Amino acid sequence: RRGKKEALALANQLANARASMVSAPEGEPLTLPEGIEGAFDPLEGMYRVQTRHALEGRKLASRGAAILGRDMTWAELTPGKIQSLVRVLARDSEQGRGARTAEYMCDMLYTVAAWLRQEELIPDTAALPKRNWKVRLKQEWKALTGHQVQPKRPRHTVEEVSALFRAVPEADARLRLLIELAAV
């Protein structure tokens with residue numbers, strides 16, 4: 001374990017040295033807001049078009065960066081920092097609401113980090129999510145708020161279901177079979 005930890009620390013140091021040469025001429029590591037700004041740049045960022053998804057993602061990533069601290073670098077964004085972000089959001093939630101927003105916020109930070117790593121702007125070992133982080137987020141949320149995370153999936157109305165079954169005879173045979181099996 002110690003050898004693995006030391007190897008990871010050495011890899012981080014080497015990657016930081018390489019990334020600082022690539023990311024900023026003055027040798028400063030990239031901060032969260034700088035990385036988010038670059039990732040959402042309309043000319044060279046992740047999204048060429050400002051879709052609703054891109055705008056919402058930028059807003060949530062920026063909000064997460066503000067909570068974590070604007071001076072935090074991407075190399076400092078560890079799973080523990082993400083966990084503390086979730087804890088802040090859970091403690092501020094009303095009646096346990098907001099778990100999906102917290103998950104989306106963390107996911108956007110990890111998405112930006114992945115893009116920054118791909119562009120070689122941050123170390124290859126920076127801001128890597130742990131396996132099953134979303135499951136842990138939901139467990140943490142329940143422990144802090146006392147509310148189970150339940151997705152809101154409204155069912156179809158009776159009218160919608162009847163319209164669907166009225167349209168089934170004209171549908172492709174594979175779709176008909178799928179709908180009929182799902183109804184059982």
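At 60% relative accessibility, Gln95 counts as exposed, where exposed means over 50% relative accessible area, buried under 20%, and partly exposed in between, calculated with a 1.4 Å probe on protein chains only. The structure is a predicted model, in which local features need pLDDT of at least 70 and side-chain atom pairs count only at pLDDT 80 or more, while totals for chains, interfaces and linings use all residues. Residues are numbered from 1 along each chain as its sequence is written, and side-chain values use heavy atoms, with hydrogens and water left out.

Gln95 lies in the loop between α4 (79–92) and α5; helices here are DSSP runs of H or I with at least four residues, numbered from the N terminus. Although Gln95 is not a glycine, its phi is positive, at about 55°. A positive phi, near 60°, is also found at Glu120, again a residue other than glycine. Glu120 belongs to the loop between α5 and α6 and is partly exposed, with a relative accessibility of 40%.

The mean pLDDT (the predictor's confidence in each residue, from 0 to 100) is 87 for the protein, and 91% of the residues reach 70 or more. Over residues 21–25, the pLDDT is below 50, and this stretch has six contacts in the model beyond near neighbours in sequence, a contact being defined by heavy atoms within 4.5 Å. Where pLDDT is low, the predicted coordinates should not be read in detail.

Two packed helices are described by the angle between their axes and the distance between the axes. Helix α5 (residues 99–118) packs against helix α6 (residues 133–145) at an angle of about 145°, and their axes are 11 Å apart. These axes are lines fitted to C-alpha atoms over the stretch in contact, and angles run from 0 to 180 degrees between N-to-C directions. Residues Ala99, Ala102, Glu103, Cys106, Asp107 and Tyr110 of α5 meet Trp133, Lys134, Leu137, Lys138 and Trp141 of α6 in this contact. By class, the contact comprises seven nonpolar, no polar and four charged residues; Ala, Val, Leu, Ile, Met, Phe, Trp, Tyr, Cys and Pro count as nonpolar, Asp, Glu, Lys and Arg as charged, and the others, Gly among them, as polar.

Helix α6 also contains Glu140, which is buried, with a relative accessible area of 16%. With neighbours within four places in sequence left aside, Glu140 is in contact with Gln83, Val86 and Arg87.

The count of salt bridges comes to seven, each being a side-chain nitrogen of Lys or Arg within 4 Å of a carboxyl oxygen of Asp or Glu. In helix α3 (residues 52–68), Lys59 and Glu56 lie three residues apart, about one turn of the helix, and their side chains form a salt bridge with an N to O distance of 3.7 Å. Of this pair, Lys59 is exposed at 54% relative accessibility, whereas Glu56 is partly exposed at 32%. Helix α5 holds Arg100 and Glu103, likewise three residues apart, or about one turn of the helix; the N to O distance in their salt bridge is 3.8 Å. Arg100 is exposed, with a relative accessible area of 54%, but Glu103 is buried at 11%. A further salt bridge joins Arg174 to Asp172 at 3.0 Å, N to O. Arg174 is exposed at 67% and Asp172 partly exposed at 39%. Through salt bridges that share partners, Arg100, Glu103 and Lys134 are joined into one network.

Definitions and conventions:
Helices (H or I, at least four residues) and strands (E, at least two) are DSSP runs, numbered from the N terminus.
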